Structure formats: C-alpha cells, structure tokens
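Welcome! Please take a moment to look over the sequence and the 3D view below before reading on.

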Amino acid sequence: MDATPAPAAPPPAPAPATRARRLLAPLGTLTGVVAAFTYVGLVDPNESGHYPVCPLLSMTGLYCPGCGGLRSAHAVAHGDLAAALGANALAVAGYAVFAVVWLVWLIHVARGARLRVSVPPFMGWAVGAVILVFTVVRNVPFGSSFAP
C-alpha cells in the first residue's frame, strides 16, 4: 500500500469580472481627476496663499515645466482654453493626452479587452526632449510668450 497523498485538484478558474467591476479602475481614475480639477477650479491659484510657490522659481527665478500648471487647470475648469494655453501650453497638451488615453482605456475595459500599452524607448526620450526644450524656451527672451 502506497502512503503518498493524491495530488490536489487545481483551484477553480476565477469567474470573469462583471462589466461594472471592470469599469471601477477607469471610473475611479476619472473621479480623482474631476475632483482635482474641481478643487483647482474653486480655489483660485491666481490669488496668493492658496498653493505653495514653485521652489525653482522662488530660488532661481526660472520657470520649471510645471509653472503655470495650476493656473492652466483653473482656466480649463472654467472653460477658458486661451487662458489655459497662455498659462502652460504643455500642461494643456498633457490634459489632452490624458483624455485620449483614458478614453481608449475605458473603451477597452468596457469591451472586456485588456489594454496593452507598449511604449518604445525613444518615446520617453522624445517626451523628455520636448519638456526640456519647452523649459528652456520659456526662460529666454524670445520665448516669453510661453512663460506663465
């Protein structure tokens, strides 16, 4: 008589997630973004004392790539695209990219498909280069139109 135990049965496959459960992550993300834009829309960054000052600007007098981002978000929350672009055009481009990526994510999740994002390495370098050029240009006299 052999005393070895019988192999255990494999665990059952997990039940497929319902559509509502799949939508939790993208809708939760949207809720957080809408809450942040609502807060910035209600608490005006153009009035001093509500938000901390940019450390790079306060120590060096140079604009970082994010300077004007809160004023830009405030303008977007109020539907003023021209003011948003004037405060920080790169941030507005970031808002647009986020909106497109979020929408693609939502569509994939709603259809039950996985969103597979494959970003080639040069893309990171390209985004970094754009941010660097934007930062330099907004700090030189001929690029003052990009300064907040």
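## Before we start

Keep in mind that what you see is a predicted model.

## Helix α2

Let's begin with α2, which runs through residues 24-42 and so has 19 residues by its numbering. From its first C-alpha to its last, α2 reaches 26 Å, close to the 27 Å expected at 1.5 Å a residue.

Which residues of α2 are buried? They are P26, V40 and G41. If you look down the axis of α2, these buried residues fall within an arc of 105°, so they line one face of the helix. The cover over them includes α1 (19-22), α4 (69-77) and α5 (81-111). Turn to the face of α2 that points away from its buried side, and you will find the exposed residues L24, T31 and L42.

## A nonpolar patch on the surface

Now for the outside of the model. V100, V104, L115, V117, V119, F122, M123, V127 and I131 form a nonpolar patch on the surface. Together they have about 780 Å² of accessible area.

Where do these residues come from? Both α5 and α6 (121-137) supply at least two residues each, and α6 gives the most, with four residues.

## A closer look at V119

One member of the patch, V119, is found in the loop between α5 and α6. Is V119 buried or exposed? Its relative accessibility is 55%, and because exposed means over 50%, V119 counts as exposed.

How values were computed: Residues are numbered from 1 along each chain as its sequence is written. This is a predicted model: local features need pLDDT of at least 70, side-chain atom pairs count only at pLDDT 80 or more; totals for chains, interfaces and linings use all residues. Side-chain values use heavy atoms; hydrogens and water are left out. The expected span of a helix is 1.5 Å times one less than its number of residues. Buried means under 20% relative accessible area, exposed over 50%, partly exposed in between (1.4 Å probe, protein chains only). The arc is that of the directions from the helix axis to the C-beta atoms. Contact means heavy atoms within 4.5 Å. Patches are made of residues with over 30% relative accessible area and no salt bridge: like charges are joined within 9 Å, nonpolar side chains (Val, Leu, Ile, Met, Phe, Trp, Tyr) within 5 Å. Accessible areas come from the Shrake-Rupley method with a 1.4 Å probe; for residues, only the protein chains shown count as cover. A salt bridge is a side-chain nitrogen of Lys or Arg within 4 Å of a carboxyl oxygen of Asp or Glu.
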